[in-house]
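User: I would like to go through the terms used for this structure and see what each one rests on. Please give the value, the cut-off and the conclusion each time.

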Amino acid sequence: MQAITVRDRNAGLGGLSLTDMPHPHAAENDVIVRVHAAGFTPGELDWPATWTDRAGRDRTPSVPGHELSGVVVELGYGTTGLSVGQRVFGLADWTRNGTLAEYTAVEARNLAPLPADIDHTVAAALPISGLTAWQGLFDHGRLTTGQTVLIHGAAGGVGSIAVQLAREVGARVIGTGRSAARDRALALGVDTFIDLQTQKLEDAGEVDVVFDVIGGDILDRSAALVRPGGTLVTITMPPTVQPKDGRAIFFVVEPHRARLIDLAARVRDGRLKPVVGAVRPLAEAPSAFAPGKRTPGKTIIRVTDDRTGDRS
């Protein structure tokens, strides 16, 4: 099969290449998925798990990408809950070969059934952004109806979903971003937008929850905006500044089949619209990692258009 691989940690983006790889093996409780569409995080080449397994051993050449949508083609021993030919989407393990490949092995519990009326490119944009937004707002931030949440990067992959979920539960939403993102953020439903290039973050006033995807100085300054009893949640780094009389939480997104099913249901009935940006073929994945012009939405890699055996 063909896959995008990395072999040399010092080569950076130059080390990404389209290569031939052996077909993956289905371990116990695994499934093999024929990948139709995949998502990735630009910073993956800096993650230790991209280069080593859980025991710290080198595992190159490794395949990046951790979001996928596709069709089950093989079941490992003991696998239950999924069947061959079933459409699925979800998260690949951080320390195993990922999704920028024609086929990948994934633990069955990390996948959810994908309804027939959701396109693979849309589904591939959901797992990390959707689960991160939900876990950040509700599992860690404990956001409820009537509260105010400040969402940094409100028009980005995670932020755009967080805005929609927060609005759905009846929260007031303040969004931040660059000036070019203002119209997109307002269209998503933010009540107030703060342009971090021209406005003061402190203009947001006190909020119950801050959801940070930026880090650095923005994360530090956000702590002072959390009212007593509130929560600062970030996915970037452990906070160095604590809110007065509040909580500060750093977390890494975790797979959750039931939540993926719930997110897919929201997409089906129009309550949630993932922002898909460029859709590029597998051969162009290395260039998709490269920093360049900012484009709205999440870049998705379409691995195959073959719908043979694609059923719900």
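User: What makes Arg-266 count as buried?

Analyst: A note before the answer: this is a predicted model. Arg-266 has a relative accessibility of 9%. Buried means under 20%, so Arg-266 counts as buried.

User: Why is Asp-262 called partly exposed?

Analyst: Its relative accessibility is 23%. Partly exposed covers the range between the buried limit of 20% and the exposed limit of 50%, so Asp-262 falls into that class.

User: What makes the contact of Asp-262 with Arg-266 a salt bridge?

Analyst: The closest N and O atoms of Asp-262 and Arg-266 are 2.2 Å apart. The rule asks for a side-chain nitrogen of Lys or Arg within 4 Å of a carboxyl oxygen of Asp or Glu, so the pair qualifies. Side chains of opposite charge can pair when their charged atoms come close. The two residues are 4 residues apart in helix α6, which means a separation of about one helical turn.

User: Which residues are linked with them in a network of salt bridges?

Analyst: The network links Asp-262 and Arg-266 with Glu-168, Arg-259, Asp-269 and Arg-271. By the same rule, the count of salt bridges comes to 18.

User: How do you know that α2 is roughly perpendicular to α6?

Analyst: Helix α2 (residues 127-140) and helix α6 (residues 257-268) pack at an angle of about 105°. Roughly perpendicular covers 65 to 115 degrees, so α2 is roughly perpendicular to α6. Their axes are 10 Å apart.

User: Which residues of α2 and α6 meet?

Analyst: From α2 they are Pro-127, Gly-130, Leu-131 and Trp-134. From α6 they are Arg-259, Leu-260, Asp-262, Leu-263 and Arg-266. By class, this contact has 5 nonpolar, 1 polar and 3 charged residues.

User: Why is α2 described as largely enclosed by the rest of the structure?

Analyst: Of the 14 residues of α2, 12 are buried, so the helix is largely enclosed. Among the buried ones are Ile-128, Leu-131, Trp-134, Leu-137 and Phe-138. Arg-142, which follows α2, has a positive phi, near 55°.

User: What makes the contact of Glu-67 with Lys-298 a polar contact?

Analyst: The side chains of Glu-67 and Lys-298 come to 2.9 Å.

User: Is Glu-67 buried or exposed?

Analyst: Glu-67 lies in strand β4 (residues 67-75). Its relative accessible area is 0%, and the buried limit is under 20%, so Glu-67 is buried.

User: Why is Thr-99 called buried, and what does it touch?

Analyst: Thr-99, in the loop between β5 and β6, has a relative accessible area of 0%. Buried means under 20%, so Thr-99 is buried. Leaving out residues up to four places away in sequence, Thr-99 touches a set of residues including Val-35, Val-63, His-66, Glu-67 and Val-303. A polar atom of the Thr-99 side chain lies 3.4 Å from the backbone nitrogen of His-66.

User: How do you know that Arg-96 forms a salt bridge with Asp-30?

Analyst: The closest N and O atoms of this pair are 2.7 Å apart. The limit is within 4 Å, so Arg-96 and Asp-30 form a salt bridge. Arg-96 lies in the loop between β5 and β6 and Asp-30 in strand β3, so the pair ties together parts that are 66 residues apart in sequence.

User: Why are Arg-96 and Asp-30 put in their accessibility classes?

Analyst: Arg-96 is at 24% relative accessibility, between the limits of 20% and 50%, so Arg-96 counts as partly exposed. Asp-30 is at 1%, and buried means under 20%, so Asp-30 counts as buried.

User: What makes the contact of Asp-191 with Arg-167 a salt bridge?

Analyst: Their side chains meet at 3.0 Å, N to O. The limit is within 4 Å, so the term applies. Asp-191 is in the loop between α4 and β10 and Arg-167 in helix α3, 24 residues apart. At 39% relative accessibility, Asp-191 counts as partly exposed, and Arg-167, at 39%, counts as partly exposed too.

Note on methods:
Residues numbered from 1 in each chain as written. Predicted model: local features only at pLDDT ≥ 70, side-chain atom pairs only at ≥ 80, totals over all residues. Heavy atoms only, no water. Axes fitted to C-alpha atoms, helices over the stretch in contact; angles between N-to-C directions. Parallel < 35°, antiparallel > 145°, perpendicular 65-115°, else oblique. Contact = heavy atoms within 4.5 Å. Nonpolar A, V, L, I, M, F, W, Y, C, P; charged D, E, K, R; others polar. Buried < 20%, exposed > 50% of the residue type's maximum accessible area, 1.4 Å probe, protein only. Polar contact = N/O pair within 3.5 Å; in protein donor to acceptor, adjacent residues only side chain to side chain.
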